[in-house]
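Visitor: Could you walk me through this one? I'm new to reading structures, so please go step by step.

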Amino acid sequence: MKKQTIDSRPAGPKPWYDPRVRALVFQVISLAVVCWAGWTLIGNTLSNMESRGISTGFGFLDESAGFGIIMHLVPYDATMSYGRTFWVGLTNTLLVSAMGIVAATILGFLIGVARLSSNWLVARIALAYIELIRNIPLLLQIFFWYFAVLSNLPSPRQSMEVGGALFLNNRGLYLPGPITPEGFGLVWGAILLAIVAVVGVRKWAKKRQMATGKIFPTVKVSVALLILLPLLAFVIAGLPLEWELPALKGFNFGGGISLIPELAALWLALSLYTASFIAEIVRSGILSVSQGQTEASKALGLPNGLTLRLVVIPQAMRVIIPPLTSQYLNLVKNSSLATAIGYPDLVAVFMGTTLNQTGQAVEVVAITMAVYLTISLLISLFMNVYNRAVAIKER
Amino acid sequence: MGTTMTQHPESKDSQAEKKPGIIRVEGMHKWYGDFHVLKDLNLAVDQGERIVICGPSGSGKSTFIRCINRLEEHQQGRIIVDDVELTDDVRHIDSVRREVGMVFQHFNLFPHLTVLENCCLSPIWVRKVPRREAEAAAMEYLERVKIPDQATKYPGQLSGGQQQRVAIARALCMKPKIMLFDEPTSALDPEMIKEVLDVMVELAGSGMTMICVTHEMGFAKTVADRVIFMDGGEIVEEAPPSEFFSNPREARTQKFLQQIL
Amino acid sequence: MSESTIKPPKKYTGPVKWMRTHLFSTWYNTLLTLVVGYVLITNVGPLLNWLLFDATFQGAGPEDCVGEGACWLFINQRLNFFIYGFYPDELQWRVDVMFALLAVAFVPQFIERFPGRKWLGIFGMTGLPLIGYILIPGGILGLEAVESSKWGGLMLTLILAYIGILASLPIGVLLALGRRSDMPIIQGLCVVFIEVWRAVPLITVLFMASVMLPLFLPEGMSFEKLVRALIGITLWQSAYMAEVIRGGLQAIPRGQYEAAGALGLGYWRKMGLVILPQALKLVIPGIVNTFIALFKDTTLVLIIGLFDILGTVQSTIADPAWQNVAIEGYVFVAFCFWVFCFGISRYSQNLERKLDTSHKT
């Protein structure tokens, strides 16, 4: 008998009819096109830069910048390097983003809850706010606050003032700044101690509730600890704090803490604008928790406050957090509008002045984009971790 | 009205004192806007009594039992549960809800908590029971509804019948005096109805005061002390099951029974 | 049967009941109502006075704006600039024709049961851009040429948003298909493209388009500033578009893909004839929302020196002849944007609700 090997597969098609071969060829061609396009662009760019006498490489980062920046969180003056301008811009971007995120979150949650208020007037006003603010371009709002409101404030000599300590004029907002002498360390220690104590109390209270069922007023005690301990230390140390008042020196104020109008306008506009989106997210998050859940909770005898805290909020937060983080990301990106009013953020300083002076567009744009890409990747990484942690188990 | 019938042999034990009129509804009306949903309802339920409410959809039967723990508010008349009258006073409402358990058509388990956490939530936060005790008690009830092995799962991982049994256990964990059932089997697949009804029959046998809105006429026949028929927001007929099913007095009841049986 | 004629007790009906439950249900609600009401009453009057009753609408020049209220005269006098930019006066009829055609094509989309609105929509997406391409720049068919540096105002804003959305639609479709494809290299390329553009702010894209694009091109070849901005906007927008369309592709049930495959349709026919028509219909609200976002974002082009509507206003409010007209200028632009965006967002919400119900039944 002749042994026959039985091939269970049908005879293979001609290679150009095989979908796998087709897919492979198609992919190779696209990759080649992309590579070729990239290669051509790089070639063009290099020859263009050469003919215009623009140098390449990252050496410019060590060269002296030679321009001043109106606001910097890291030490800076005009003799420092272009690399330093990057850090000044980045820290300014992060500052206004952080301030904006905090304010927009607080405001957004308040308005979102107000939108669902049983008080008709409050709900309507929240709705009007949301529909007004989110349908007007952010840049226009920034201009409005900067050019129409803050610029129309009186000059430093005619500042609006509150009790000789707080000054508002068209150069910015001036607050008394604390000066912390020797003894103030005790207060820092007390704050640290209070935080440790709060963590301890929370743990202890939870343990005790689990063991004996007694509920401890954790929130009230925590707040009291956080306020009283540092206050006590402050008094014991003999009130070791002096305030430096802003004072008119020549044409402008010196001393204390100052908030430049560019920062104030940007912060205000970013917070108000983003808050209107956060409010809608909060509203739909709360509405996503079905009526049945609150009814079941009430039927179990849980009072309104506990129903909110144990049933509604944990479920609403799952719905709220993902779009909320993407709003935060939008806010960080939108903070780049700073350049339109001259707040020295990353784009204004680095992609603006530094790029103009050095002409090294490719390097500067690449660095700037890399920063935003990193921020965005970090946030989406956080999102993925969070989603995996809280995903509601279904089968 | 309100004569207690103890036909059930198991109910002899726990009920030392039989409190008459643990639920009293007197001349109760409810409107949604101008729409008159509940019209002059009167009902007295004694402790340990088992009432089944039936009627066509839209007859107001669900609204009625939801008024008993104030998930809906009534606008005229009185509702007195365990000597506490339901008014706008939040303290009264909370104290009534502590004593009245409720099981919903759509289970309404908390999806973010495990089965055990669902059961312990209210004992821990409302009755202030230590966690270990609450969990031990919850496990007992879960055994009673025959799903102790699912305690660490999330509601979304259970079948409808299992979820509804968890919901019953969750309500029982508060050790309520009264249990309300709002169409507990209507949202279930046919093969799961029996497992839930079995639990309810067992519960009835233990002497629990129960009010059930249901279309399960078999359940009504075997368990109920009284059957109440509602239509158009009114109580049309009220009778022991033997009488209700064999010899209905009102034409509307007869018509309803013809359609359903 | 016994249809009840008993009315609910007075306490529970009528305006009194409404006010009790909606304004004064608890002590803090009462307090809130009073405080908010007070703030409203004290502010609305002066605001209306400023906006309308004390405002100046008519007049010959800055010297007529003497009242306490807003100086709308300023807007009145510069309206031509705010709408057409530097477009020559005698040729503005060409822009007007485009405005009218845009309205004819898209306003009926808001009216249900408007006869042939589907065809008008298709015309708006295909024929109209071609007409615009001939009409606005001119230079052919005996039309006098108007270079793009003279375009501005509302007209430029609309051009940027309209072309941005039209051009990004097909690119977005391709990217979305690529991201959903099972070919790893194609998928990888699309993911990188989409995520990079979505991560960076539009400003950096516009900067890049205006500074780096000239470097990328071979020597001797260059684009006008407007075209460069449009390229940047389109690339950026197509990444967002791709994500919206991907949402639609994911919402199409598996059975549709399988059914189309079972009919023996190849990939492109399967997508083009079965999947995409359904998916695109599903994501119309999403596309409309990205359009609103883009429409607002077009204001950013003023940073690279183009005169959109905000740019034209911004450049005139500094005119020393007019005293402090910044607020009037911004309110005018805000009003233009608000009317557009609010109207369109209402439309997309209605659409969403309709799609939502049609999917459930």
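**A tour by question**

Visitor: How much of the accessible surface of chain B belongs to carbon and sulfur atoms?
Guide: Accessible areas here come from the Shrake-Rupley method with a 1.4 Å probe, and for residues only the protein chains shown count as cover. The accessible surface of chain B is about 10400 Å². The part that belongs to carbon and sulfur atoms is 49%.

Visitor: Before we go on, what kind of model is this?
Guide: Residues are numbered from 1 along each chain as its sequence is written, chains are lettered from A and ligands numbered from 1 in the order in which they are written, and side-chain values use heavy atoms, with hydrogens and water left out. Local features need pLDDT of at least 70, side-chain atom pairs count only at pLDDT 80 or more, and totals for chains, interfaces and linings use all residues, since this is a predicted model.

Visitor: And what does chain C give for carbon and sulfur atoms?
Guide: Chain C exposes about 18900 Å². Carbon and sulfur atoms supply a share of that, and the share is 67%.

Visitor: How many helices and strands are there in chain B?
Guide: Helices (H or I, at least four residues) and strands (E, at least two) are DSSP runs, numbered from the N terminus. For chain C, that gives 16 helices and 0 strands. For chain B, it gives 9 helices and 10 strands.

Visitor: What radius of gyration does chain C have?
Guide: The radius of gyration is taken over C-alpha atoms, and the globule rule is 2.2 Å times the number of residues to the power 0.38. Chain B, with 261 residues, has 18 Å, which agrees with the value near 18 Å for a compact globule. For 361 residues the rule gives near 21 Å, but chain C has 26 Å.

Visitor: What percentage of the residues of chain C count as buried?
Guide: Buried means under 20% relative accessible area, exposed over 50%, and partly exposed in between (1.4 Å probe, protein chains only). In chain B, 59% of the 261 residues count as buried. In chain C, with its 361 residues, the figure is 45%.

Visitor: How far apart are the centres of the positive and negative side chains in chain C?
Guide: Lys and Arg count as positive and Asp and Glu as negative, while His and the chain ends are not counted. The place of a charge is NZ of Lys, CZ of Arg, CG of Asp or CD of Glu. In chain B, the mean positions of 31 positive and 38 negative charges are 3 Å apart. Chain C has 26 positive and 23 negative side chains, and the two centres lie apart by 18 Å.

Visitor: Which residue in strand 10 of chain B is the bridge partner of V227(B)?
Guide: Two strands pair if DSSP finds at least two bridges between them. Strand 9 (residues 226–231) and strand 10 (residues 234–239) of chain B run antiparallel, joined by 5 bridges. They form a hairpin with 2 residues between them, and G232(B) in the turn has a positive phi of about 55°. In strand 10, the partner of V227(B) is A239(B).

Visitor: Which residue stands opposite V227(B) in the pairing of strand 3 with strand 9 of chain B?
Guide: Strand 3 (residues 50–54) runs parallel to strand 9 of chain B, with 4 bridges joining them. Strand 9 is mostly covered, with 6 of its 6 residues buried. V227(B), F229(B) and D231(B) point one way, and R226(B), I228(B) and M230(B) the other way. Opposite V227(B) stands V52(B).

Visitor: What is the relative accessible area of F107(B)?
Guide: Most residues other than glycine have a negative phi. F107(B) has a positive one, near 65°, and its place is in the loop between strand 6 (100–103) and helix 3 (115–125) of chain B. F107(B) is buried, with a relative accessible area of 11%.

Visitor: What is the phi of N108(B)?
Guide: N108(B) is in the loop between strand 6 and helix 3 of chain B. N108(B) is buried, with a relative accessible area of 11%. Although N108(B) is not a glycine, its phi is positive, at about 50°.
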